[in-house]
Amino acid sequence: MSIERFAAAEAALKAGDSDEGIRLITEELERDPKAPVGIYRNFASMLFRRNDFVKADRWASAGVALYPKDYDLWNILGVSQRRQKKYDSAIKSLKQAERINPKNTSALQNRGNIYNDLRNGPPAIEVFTKLVRLQPSSAEIQRSLGRGYWYSGDFDKAIIRMNLALKLKSDYADAWLDLAAVTADAKGYGDALVILDQALATTPTETRLMEARVTSLRRTGRLRDAEAYLIGLLGDYGEQAWLHYQLGGVISDYDRRRGNDHLEKAVSLAPDNLGYRIALIESLARSRHGDEAAHLERAYTLLKDVLPPDTDLNPAGLKVSFEVLIRLADYEAAETLGTFAEVGRTWAESGKHTALFGLLARMSTPEDRLELVNMHRIWGDAVTKAARKWPLSRPEPRAPNGKIRVGFMSSDLRRHPVAYFALPLFEHYDRSRFEVYCYSYYEGQEDPLQKSIGEFVDAFRWRQDMSEHAAAQMIADDQLDILIELGGSTHMNKLGVMAFKPAPLQASWLGYPHSAGPSTIDYIVLDPYLVPTDSKLLIEKPLLMPKSWLALASQIFTEAHAINEMLPEDRNGYITFGTANNPHKYSKRLLQAWARVVRDVPNSRFEFIRPEGNAPSFKRNIEQIFEAEGVSADRLVFRAVRGTHMQHYNDVDITLDPFPLTGGTSTCEALWMGVPVVNLRGEALPERLSGSILSNLGLKHHIADTLEAYHAIAVTLAADRTQRQDLRSNLRQRMKDSPLGQTDAFAQDFYDMVEGAVRAGNTR
């Protein structure tokens with residue numbers, strides 16, 4: 001290619017016609033690859049500056065094939081590969097450049113940057129120690145060496161180097177950000193806030209420092225302080241997307257409407273920012289105000305525009321995408337996100353433990369069950385290791401009063417299913433033997449049930465703006481004998497508190513039907529029916545209740561929910577199957593199994609009692625799966641309700657339980673309304689919840705251990721009008737008379753079990 005043609009192409013680029021300029025150069029190089037080395041250098045550099053790293057890689061590679069001793073081409077190739085995260089290739093390319101010209105340190109510095117990208121501290125230290133000797137007055141090199149020390153875990157030396165960088169360049173925002181981050185790792189986010197305030201005093205208009213300050217406030221649990229700070233910035237930065245993104249994220253848990261408004265604003269100001277879009281999608285999917293189905297449908301529409309393979313989702317984006325797709329029953333799109341093991345490992349290794357909840361219903365093989373346990377262990381080991389850096393201060397032992405002090409930690413001690421089953425423990429404990437403390441971090445407003453629980457127990461610590469470390473210290477200060485967490489990985493709970501071991505004994509119960517992960521949790525509360533078939537499917541040691549692991553709060557399971565004694569079949573002329581279970585428990589395999597039951601019971605219907613029922617995509621995706629199994633759409637009924645679903649059980653003859661993650665609350669509710677539940681029991685804890693409930697009611701004949709048996713029980717029960725009429729008339733009383741309804745006895749058994757564990761723990 002002639003110099004003249006290249007100059008013409010460059011002129012086209014400068015004139016704004018970049019596509020034309022690149023096209024001209026590309027055509028010429030393809031036609032005549034033996035172009036001068038300068039053309040390859042300039043073209044690859046040009047592409048790199050345009051962030052077209054794939055093409056820069058291509059033409060730098062072509063250049064080094066022709067000119068293998070050209071330093072600049074190898075360097076350009078290395079940095080292009082780095083931007084594509086082709087780190088091994090990038091290191092090889094840069095080392096080749098260094099061999100060609102050892103005196104030019106550009107490639108060496110770029111190689112050091114890769115080690116820092118990989119958080120591989122020791123080789124980064126080796127590289128930047130050499131460079132800092134050559135350029136001691138370079139703030140950039142001092143900062144890079146500091147990063148190497150940071151990633152090696154030597155926080156003191158990292159802080160020294162960051163401060164040297166700032167001494168050389170006081171307005172160096174990247175160094176301030178790194179100093180704040182390493183300080184957070186070494187001393188906590190409270191100390192990081194001090195650094196960021198110093199940084200903003202030096203560089204008051206640097207918005208990245210403002211965002212970092214908001215992040216530190218959020219990490220210390222100070223959401224309302226973060227909100228106040230951001231509102232104070234609206235006057236100067238109200239038209240900048242980052243501010244609305246941050247403000248929406250800060251307030252959405254306690255003011256979803258306003259949070260959505262700010263996230264919508266962020267997306268409108270920066271429509272190409274994937275992170276902002278994902279945040280809006282997540283918030284819309286969590287919105288319960290107004291038209292819930294419309295919010296969900298909009299979230300789904302926004303998501304479909306950015307799904308892989310066109311978009312590289314980070315772990316947070318992957319979590320949100322997966323949850324929305326599963327909730328809308330778009331299983332084909334969900335499969336494009338990765339395999340069970342791929343997405344789970346991604347979440348576990350990146351600290352997204354709340355995402356693992358979504359995999360409980362995706363298990364399909366024995367290997368999946370074991371892998372899911374391992375995912376939880378990966379996260380648990382990481383959070384426990386991190387917690388060791390922040391040991392709690394331990395108060396002097398409290399004066400003995402003969403009582404065992406029991407703590408329950410959950411942000412769901414309110415109008416929530418967790419409270420519906422935990423309430424008997426707060427009403428019926430022996431105050432001469434026990435003291436009960438509760439801990440909640442719920443971001444919403446107090447409701448009557450939370451207020452009632454607070455009146456039952458000895459202490460109710462409700463703290464909205466609190467970090468996990470501060471929460472753990474608060475609990476440690478209360479000097480419990482045992483702490484029982486009820487929330488697991490679910491929303492607004494602080495499972496990480498358990499990693500600090502604020503109580504000498506710790507257990508999980510109720511809210512999360514799987515091993516949580518941290519080895520600091522000693523026990524998991526189960527009953528004989530819940531224990532997995534393989535001990536490797538639990539991390540904690542089982543702490544067994546003698547009969548049932550839960551009981552029904554009398555304030556929730558009341559006669560106010562009236563049963564229509566007449567069978568729906570008699571009123572309608574056909575059998576109606578149904579579910580009120582959350583769609584995160586559905587899968588294509590499950591829906592196909594339900595459809596085959598409906599198909600094989602002539603003229604039967606299936607009723608979905610879910611707020612998603614008004615979302616067009618949910619209905620369409622469900623209908624397609626049923627139609628593929630021979631069930632037409634007119635045999636499906638969608639009741640779009642939230643919180644008022646109990647009355648609709650009067651329209652259902654038989655509830656088909658989901659699998660592998662079975663019902664829990666929904667199983668109890670269906671049975672309370674006299675509706676039989678058909679269950680498929682599996683090997684792991686999430687697969688055995690309904691089985692425990694049915695076994696405690698003497699309904700083991702409704703439990704199947706194979707899919708074929710599940711189908712057969714459902715079809716047979718549909719034909720057995722006498723049994724169904726008996727259950728509708730008598731099942732509620734059977735529940736009252738069973739271990740599930742005997743709340744006094746349940747509480748006695750529970751606290752006896754706790755006392756046994758505490759006494760045993762004290763003799764170790």
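**Buried residues and aromatic pairs in a predicted model**

Cys-438 is buried, with a relative accessible area of 0%. The structure examined here is a predicted model. Cys-668 is likewise buried, and its relative accessible area is 0%. A disulfide is a covalent bond between the sulfur atoms of two cysteines. The model holds zero disulfides.

Glu-607 was examined next. This residue is placed in strand β9, which covers residues 605-609. Glu-607 counts as buried because its relative accessibility is 2%, and the cut-off for buried is under 20%. The side chain of Glu-607 makes a polar contact, at 3.2 Å, with the side chain of Arg-639. Leaving aside residues up to four places away in sequence, Glu-607 touches Thr-576, Phe-577, Gly-578, Thr-579, Val-637, Arg-639, His-648, Asp-651 and Val-652.

Ala-173 lies in helix α11, which spans residues 173-187. With a relative accessibility of 6%, Ala-173 also counts as buried. Its contacts, not counting residues up to four places away in sequence, are with Glu-206, Arg-208 and Leu-209. Between Ala-173 and Ala-503 there are 41 Å in space, C-alpha to C-alpha, and the two are 330 residues apart in sequence.

Aromatic rings were considered in pairs. A pair of aromatic rings is described by the distance of the centres and the angle of the planes. The count for the model comes to 30 aromatic pairs. One of them joins Phe-557 and Trp-672 in an edge-to-face arrangement, with 5.8 Å from centre to centre and 75 degrees between the planes. Phe-557 lies in the loop between β7 (541-544) and α26 (568-572), whereas Trp-672 is in helix α29 (residues 665-672), so the pair ties together parts that are 115 residues apart in sequence. Both Phe-557 and Trp-672 are buried.

Tyr-586 and Trp-594 form a pair with ring centres 5.5 Å apart and planes at 75 degrees; the pair is therefore edge-to-face, since the angle is over 60 degrees. Tyr-586 counts as buried at 0% relative accessibility, and Trp-594 is buried with a relative accessible area of 0%.

Aromatic residues also occur in a cluster. Phe-408, Phe-426, Tyr-429, Phe-434, Trp-509, Phe-746, Phe-750 and Tyr-751 together form one aromatic cluster.

Finally, charged groups were found over aromatic rings. Arg-119 lies over the face of Trp-150, 5.6 Å from the ring centre. The charged end of Arg-224 sits over the ring of Tyr-254, at 4.0 Å from its centre.

Note on methods:
Residues numbered from 1 in each chain as written. Predicted model: local features only at pLDDT ≥ 70, side-chain atom pairs only at ≥ 80, totals over all residues. Heavy atoms only, no water. Helix = DSSP H or I, 4+ residues; strand = E, 2+ residues; numbered from the N terminus. Buried < 20%, exposed > 50% of the residue type's maximum accessible area, 1.4 Å probe, protein only. Polar contact = N/O pair within 3.5 Å; in protein donor to acceptor, adjacent residues only side chain to side chain. Contact = heavy atoms within 4.5 Å. Disulfide = S-S within 2.5 Å. Phe/Tyr/Trp six-rings, centres within 6.5 Å; stacked < 30°, edge-to-face > 60°. Lys NZ or Arg CZ within 6 Å of the ring centre and 35° of its normal.
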